[in-house]
Amino acid sequence: MHGIKKNIFGIHGGGNIGLGLLANVISDSPHEYQIIATSNNQFNASLINCNNRLWLKHQISEEEQSTCISNVKIISREANDIIDIYTESIVAAICLTPSALSDSAKDIALGLINRYETSRKYLKILILMNLPNPAKFVLDMVSDQINLLTNDAALTEIILSHVEFVPTVIDRVVTSIPKQDIKSQLKSQIERISPELLSQHLEITDIDTIINDQDLLLQAVNIFELEFHLFCAEKSFSMYVPNHFTEAERFPLMTTTKNLNTIEAVKNKYINGPHAVLAWIGGFLGHTTIADSIKHPELFQFIKEMMEYEIAPILIAEYPDLTSEDLIKLEKSFFERCAASINDPVTRVGRDPLRKLDSGGRIRGTIELARKHDLSIATPRLEKGIAAGLLYALHGVDPSNPGCKKIREIYNQNDSYQSVLCYSGDAPSGKFSGLHPEKDSQTIANVLNKMSELNRWKQKFRALARSFLWPIPGQHTGRNQNFEAANMNNSLTMKQ
């Protein structure tokens, strides 16, 4: 980052959340920041670094809108660049998946050690990770690495006293635009440039050659200041930070709150939990996107009943200030967003099922709250959600995902679903705590039963698809089926 003079806001993880949400927040600030973000996407990085800009696309009904994000520079995810981020930034953020954080924890530790040794300046690091208590999760992992590197517990404590990991709650659906679609955007703009200008600046007029030659394409982007959307993102979104993060006054798109823990817990269990289950069952049935999954009438009804009959009363028992009206608004927004998520793959939402099935998490955590309050609320849909996470992994919907691989590894070692449910030990995103064979015996039996139900559901779904009562995933019938209308007109309603 040699030669950069501006205030640096470092983003460790320049993907959907890092660039599709946080960079938007920073760029909107009246105070000027140089955004430095890490990325291993060479194509996107080269485009952004041409003019230090990128664009987000917002689909609002039939209308498309754009947001331009300026003052952005992309660097690599190599150790030296990561160390620089933590050494030189005045504010930083971690926008990584848990498994990516695990891979980078040592480099983050090296960066914080280097910062302490060279300047001893205090650093606040925002944590944008979709899991409970994300700041503690990061602190524990980074602390372990600093201690390993220094072999000095006292020094580790001193270094960390110069750092604050700030939890956040974020709420925006962001999806990456495929490389070929980005090239199509650029091609359409180059086609509007006269052959004379192309020849003058690029010494070539053949547009296909320009598009497929990276050097020529980057020259065109730079010379003609071409625009390119790298992400589809919701126009409106929320980013909550705790009241004590005083820097929030510099970022109008941040919202401070004294109830961050409640907001985080409600979002995690009422939105993220059903979202993951929707992705798991949708992927298991053969759907590829969230929008396709929610259009499936039985699945829509199943998720709706899970939220209303199981999760909502449990959350109200845990958080007395939470009202039914609050949850109704969240539910309405959730289904609207799912129906609009035509480019959001189930593999993005359903990734790392092992982590999402952990104790205290978005699904088991809700069941545990029901026990805590001694509620006589049956949770068959949440139990089916646990079963769906396992089947999603074992049926190879996302075979390369580390969490899915770990589930298959545990299963293959014991040839048993119960061995996965009761596993406790190392996992790609950290430690995993499974169900207890004796204390949780009824839950285990219920989940195993739900796995059989899901397999029967899949067979029935395929039979309906073959009889043309419901389209096979991936096929388009030309009908515009509103998911609520489909639900009312379909007699296949799941009741537990």
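Lys and Arg count as positive here, Asp and Glu as negative; His and the chain ends are not counted. Each charge is placed at NZ of Lys, CZ of Arg, CG of Asp or CD of Glu. Select those atoms: the mean positions of the 50 positive and 57 negative charges lie 3 Å apart.

This is a predicted model, where local features need pLDDT of at least 70 and side-chain atom pairs pLDDT 80 or more, while totals for chains, interfaces and linings use all residues. Residues are numbered from 1 along each chain as its sequence is written, and side-chain values use heavy atoms, without hydrogens and water.

Now show the cartoon. The chain has 22 helices and 15 strands (DSSP runs, H or I of at least four residues and E of at least two, numbered from the N terminus). Along its principal axes, the C-alpha trace spans about 70 × 65 × 45 Å.

Colour by accessibility next. Buried residues make up 52% of the 496 (buried is under 20% relative accessible area, exposed over 50%, partly exposed in between; 1.4 Å probe, protein chains only).

Select N71. Its place is the loop between β4 (63–70) and β5 (72–75). N71 is partly exposed, because its relative accessibility is 25%. Its phi is positive, about 60°, although it is not a glycine. Most residues other than glycine have a negative phi.

Where is N151? Go to the loop between α5 (134–150) and α6 (153–160). N151 also is not a glycine and has a positive phi, about 55°. At 70% relative accessibility, N151 counts as exposed.
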